[in-house]
Amino acid sequence: MEKVLEVRDKTKTPELNYLNNGYSVASWLLTKDHKRIAMLYLASVSFFFMLGGFFAALIRLELMTPNSDLLQAASYNRVFTAHGIIMVFLFLIPAIPATIGNFFVPLMIGAKDLAFPRINLLSWYLYMAGGLVAAYALLQGGVDTGWTFYAPYSTTFSNGWVVVTGLGAFIIGFSSILTGLNFIVTIHTMRAPGMTWFRLPLFIWSHYATSLIMILGTPVIAITILLLALERIAKIGIFDPAIGGDPILFQHLFWFYSHPAVYIMILPSMGIISELIANFSRKRIFGYEFVAFSSIAIAVIGFLVWGHHLFVSGQSIYAGLVFSILTMIVAVPSAVKVFNWTATLYKGSISFDTPMLYAFSFLGLFLVGGLTGLFLGTAGMDIHLSDTYFIIAHFHYVMVGSTVIGYLGGIHYWWSKMTGKEYSEFWGKISAMLVFIGFNLTFFPQFILGYLGMPRRYASYAEELQVLNIFSTAGAGVLAIGMIMPVIYLTASLFNGKDAGDNRWHLPGLEWRTSSPPPTENFYEPPVVTWEAYDFSDENGLEPRKELTKETV
Amino acid sequence: MSDTHAHDYHPPGLQHQFEDMKQQEESNIIGMWMFLAQEIMFFGGLFTAYLIFRSKYPMAFAAGSNHLDAFLGGLNTLVLIVSSLTMALTVYYAQKNNRNMQVIMIVLTMIFGTVFLGVKAVEYTDKYNHGLVPFATWNKKTKGEAQAKTEAPKEVKNFFASEGGKAPAGAKVEEKHDYINPTGQFQWNSQGESNELILEAQKGNFLTEDEKIGYFTNGEIDQKKFEGRVRIFFWIYFAMTGLHALHMIIGLGLMLWLLIMAWRGTYSAQYYSPVEISGLYWHFVDIVWIFLFPLLYLLGRHFIH
Amino acid sequence: MSDKHEEHELHMGIPQYLVIFTILFVGTIITYYVALTDLDSRLFAGANTLVALLIAFFKMTCVVLYFMHVRWNGKLIWLTAAGSFVFLGIMFAFTMQDYLTRGAGIFTR
């Protein structure tokens, strides 16, 4: 089945691969290779993640005490806004698609590169430009409106760098659009012979759905930012009730994108989890077609529910009713996925490697995050829980507990493929557990705090709530350690890690049939696909994992 | 690495990531349509704002749109339609390997595109002259006629009212000129007209709830409030047509690049994909205008002829 | 997959392009003059708006199908073109349903 024209040692890193194919700065900064662009993104995304995490640390330190002693309220506002903007626009939206997606979409479909490699590079430059503009605004003092920039505060009263930050977000938006465009075209036209739609890994299906949202939703935030800037500079009046405008219009336009944006954040992570669960149970995903279509369903229905962010804003009650019902409906495809993943685990041959630990964490944390989303989607409940810590806990469970954990799982899973090296499983498992424990300790108390009425975005709070806040801060410390550890041991693996070989986990996916790291043109032989996705049968030419043969048992 | 399908003949313009021209062309077309889908949603945000405000304040919008020159707008529509034709013909001639006609058609398209922008400039200047640009200081500052200098002004502004209307001895009395627009403010002058419109609507009972609150203070028509809502119309007008004009300018830039490449004979029946996708962009810009024209220029026109 | 017409097969000749052009041209003239007549009192409230939009939709359809060659493109392009308008429609409809149902709503008199 593997017709290799040259003899190469599949247990070793090949001599010529995409990493050492040219060492100059220009060969990296002007590259058209999607794998190098993915690495550029990995570096920049990690940097912004650390920056956002720094602001998170400031928030948690401030909230250890009931009074606003570490930070004045005005500064605190700028800190949580910076945290939000950096984490949402500079990390969560691009992280998985632009790093793991860029690297693996062509590999998984058997293509040489994405459809438009230069647009891919442009996408990274736009990301960096937007990030620098936002960072500049930050250094100048930042914005205190919250990452949601609500009018009329952002248009009339805020004294921060609203327009410049908005410009940064605008530029990053175009980076996102170009990535999405690239993925859709690539998945349509560049699949290898034999790679039909229903043989695609579910990672590809979820990236396809994500790209749909990127293309259809992001332009709306772009125009919203434009209108915000015009309103702020020129006082148009469309968001100003005194002149005849409506501040809720801003919220409608803003959330029309920002709600589907959260599906941009979660869908790629769900794609990774599908890969992890199937591959580490050595079993085909249960209900492949259902999981594939549920990704598309989430993308489409996700555009219909944005009003659930506006329940208490002044939106009409009837509209609130409609959006509430649709929010219930959008939970269904996500539930379908969770059920199918669980069914995949049943009677699978499960191995508890680090990526699988992250996948298990995801299952539990996404369940909590998703269910609490349903509580909030019920308009009656939302009246009490809106703008409290319950909301913060909910979205951190889905953003950090699901997206970031999926991201970490994916990085670990594909680390050997991207770098050719193995990381230390021991440290991997420790940090996965620290992340899980730290995360829950940080954010579970926040559900209770929200229920007890602690408002969000406040630097001070009632004294009775201090104990829970201290738990939360302690958890944040553990979480921080758990997240910094991978930086250390993954970097260390680059220098003294063992050579991983082509197929470190012994898996049937197309990306595992080329070397680690892959050569610049991805495959030594243009692949022809004749097997179904997640085909673990012996006829698939797969060597059985050593752990399972009689000799080692 | 071995290359089992070495291309003996490399079609011109085939990029390395594609297997053959067909795949590349297909990808280009899908890619451009994805970009256009994104553009539709981009303009869509402004159309949403238009939709909402027009539904809230139809009379203000009617009043505002009657101050736009529908003839020039219609002319622009025709100009763009002609340019769409020449663009489509460019693609046609590229497919027919006819370099000269391609170049002529591109030049014609660019000419019509420039005419469009020229007419737009005329319209914008007209707005500037009449004080209809909704941004303070961006209107023409106009002075009215100065009062006669020969006689001492009868009434100095109330500044000296406490002195019994007379300037204290030795004070310099300034002459008053009637400034219509001293700082280039947005001026909505046609009071009679809009009053008529509102009153007619009130009589026929087709003012919306927002209008009933929005135009009146204590039962009387409040000019300032009405002006605020007309100003929103003008903002939407400038934002939408401005964004559209920006896309036209980008389109002209694209045409220039296309012109250079066509002049060099780059495009042929085997390789005309860039012409085709530029055509798609150009037609899209035309379509946006096909909607902008009636929505902005025509919809209130039957109230006032 | 999207089906590209063969290299030398041209679906539209110059006469066909001119026909579409004439249709668009005439459509513009019609929409201009109809806008000047008061259909609202003759037919029903909102008639002018409806007619103007219908003509605009018709012109757009001509441009999309014939000038942009969508008539001969595969299902994917049809889906993309139509789908974008569906999402645009969602944005309009779901935003308007808020404004139309407020207490001081648009249809409340």
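Between chain C and chain A, the contact (heavy atoms within 4.5 Å) takes 12 residues from chain C and 21 residues from chain A. The model is predicted, with local features requiring pLDDT of at least 70 and side-chain atom pairs counted only at pLDDT 80 or more, whereas totals for chains, interfaces and linings use all residues. Residues are numbered from 1 along each chain as its sequence is written, and side-chain values use heavy atoms, with hydrogens and water left out.

The buried area, that is, the accessible area (1.4 Å probe) that two parts lose on being put together, summed over both, is about 1,500 Å² between chain C and chain A, and carbon and sulfur atoms give 73% of this. On the side of chain C, Phe87(C), Met91(C) and Phe94(C) lose the most area to chain A, together 35% of what that side buries.

One salt bridge (a side-chain nitrogen of Lys or Arg within 4 Å of a carboxyl oxygen of Asp or Glu) is found across the interface of chain C and chain A. This salt bridge joins Arg102(C) to Asp246(A), with the closest N and O atoms 3.1 Å apart.

Between chain C and chain B, 57 residues of chain C are in contact with 62 residues of chain B. The area buried there is about 5,200 Å², with 76% given by carbon and sulfur atoms. The count of salt bridges between chain C and chain B is 0.

Technical notes: Chains are lettered from A and ligands numbered from 1 in the order in which they are written.
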